[in-house]
Amino acid sequence: MKKLLAVLAALAVAVLALAGCGSDKQAAGETKVLKVGATAVPHAEVLEQVKDDLKAQNIDLQIVEFNDYVQPNLALNDKELDANYFQHAPYLDNFIKEHPEVKVANAAGIHIEPMGIYSHKVKSLAEVKEGASVAIPNDPTNGGRALILLSKAGLIKLKDDTNIAATVQDVVENPKNLKFQELEAAQVPRAIDDVDLAVINSNFAMQVQLNPVKDSLFIEDATSPYVNIVVVRNGDEERPEIKALIKALQSEKVKKFIEEKYNGAVVATF
């Protein structure tokens, strides 16, 4: 009887050990969901390129598209997203100042989208008439960025043409008496037929079939500080899924895709 009990006990231990190994293996192969908020072009398109790479690492990348610049940060802070990829560093810095309750951080830089000046009414800046209307983004950093671009184009002069927080009140010279219309960034390209000039972020320009390289009258150069970044909640920078996402995005595969797909309208920064 003692021998029988010993055998049964040994078998029980063996079964438990095997069950434990099976659980560990299942845990190791468990698929992790990674929800990333993004604007459609180019961010969501770039993210699509790394889906399979992450799938091979048991990470299910789910891309959640947004059409504005506010909700992605709020959704990330509220844990509805694991990360977002739509904004540049100056915008994030300003957003955090205005929303101190939002605890998010810059995890990595991926690309630059040069901002451009566009028109359906004139073919060059020399044709801009007295009193021309100009649509610019109304959020603080993109508004300042647009004014800096107009200043570099020679259309206005600012108190400080390096101040990314510049507003129309900072315009000290306006020789053509330009009339500014401040709109949500996503709405600026849709107003292009109603104004003489529109200063548009490249991602929104591409959504309405404007080619930033070919169609813009004036565009930011490669020295632009507005690097688009992956943003995560504070403390999540070292999460394995986040590190895997950034590594995939900062790959030669993605750099080649950006070069071939956007032809200079989007520029990789890694």
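## Two oblique helices

H5 and H6 are oblique to each other, a word used here for angles that are not under 35 degrees (roughly parallel), over 145 (roughly antiparallel) or 65 to 115 (roughly perpendicular). Helix H5 covers residues 89–98, and its packing angle with H6 is about 140°, with the axes 8 Å apart. Axes are lines fitted to C-alpha atoms, for helices over the stretch in contact, and angles run from 0 to 180 degrees between N-to-C directions.

This is a predicted model, in which local features need pLDDT of at least 70 and side-chain atom pairs count only at pLDDT 80 or more, while totals for chains, interfaces and linings use all residues. Residues are numbered from 1 along each chain as its sequence is written, and side-chain values use heavy atoms, leaving out hydrogens and water.

Which residues of H5 and H6 meet? From H5 come Pro-90, Tyr-91, Asn-94 and Glu-98, and from H6 come Pro-140, Thr-141 and Asn-142. Those residues divide into three nonpolar, three polar and one charged. Contact means heavy atoms within 4.5 Å. In the classes, Ala, Val, Leu, Ile, Met, Phe, Trp, Tyr, Cys and Pro count as nonpolar, Asp, Glu, Lys and Arg as charged, and the others, Gly among them, as polar.

## The chain as a whole

The protein chain has 10 helices and 13 strands. Helices (H or I, at least four residues) and strands (E, at least two) are DSSP runs, numbered from the N terminus. Of the 270 residues in the chain, 46% are buried; buried means under 20% relative accessible area, exposed over 50%, and partly exposed in between, with a 1.4 Å probe and protein chains only. Among contacts with a separation of 6 or more, 74% join residues 24 or more positions apart.

Helix H9 (residues 240–249) is mostly covered, with seven of its 10 residues buried. These are Glu-241, Ile-242, Ala-244, Leu-245, Ile-246, Ala-248 and Leu-249.

## A cavity and its lining

The count comes to one cavity of 30 Å³ or more, and the largest cavity has a volume of about 80 Å³. On a 1 Å grid over the protein atoms alone, a cavity is a set of points where a 1.4 Å probe fits but cannot get out, and lining residues have an atom within 4 Å of a point. Grid points are joined across faces, edges and corners, and the volume is the space filled by probe spheres set on the points.

Strand S3 (83–88) and helix H6 (140–152) each supply at least two residues of this lining, and S3 gives the most, with three. By class, the lining has three nonpolar, seven polar and two charged residues. Among the lining residues are His-43, Tyr-69, Glu-113, Arg-145 and Asn-203.

Asn-203 sits in helix H7 (residues 202–207). Leaving aside neighbours within four places in sequence, Asn-203 is in contact with Thr-39, Val-41, Pro-42, His-43, Tyr-69 and Glu-113.

## Residues to look up

| Residue | Relative accessibility | Class |
|---|---|---|
| Val-41 | 14% | buried |
| Asn-203 | 1% | buried |
| Val-199 | 0% | buried |
| Lys-79 | 65% | exposed |
| Asn-263 | 52% | exposed |

Val-41 belongs to helix H2 (residues 40–48). Its C-alpha lies 6.5 Å from that of Gln-207, although Val-41 and Gln-207 are 166 residues apart in sequence. Pro-42 is also placed in helix H2, and the peptide bond from Val-41 to Pro-42 is cis, with omega near 0°.

Val-199 is in strand S10 (residues 197–200). Beyond its neighbours within four places in sequence, Val-199 has contacts including Met-115, Ile-117, Ala-135, Leu-149 and Val-188.

Most residues other than glycine have a negative phi, and most peptide bonds are trans. Where does Lys-79 lie? Lys-79 is in the loop between helix H4 (71–77) and S3, and its phi is positive, near 65°. Asn-263, in the loop between helix H10 (252–262) and strand S13 (267–268), has a positive phi near 50°.

Terms used. 1 Å grid on protein atoms, 1.4 Å probe; cavity = no way out; pocket = protein on both sides within 12 Å on 5 of 7 lines; lining within 4 Å.
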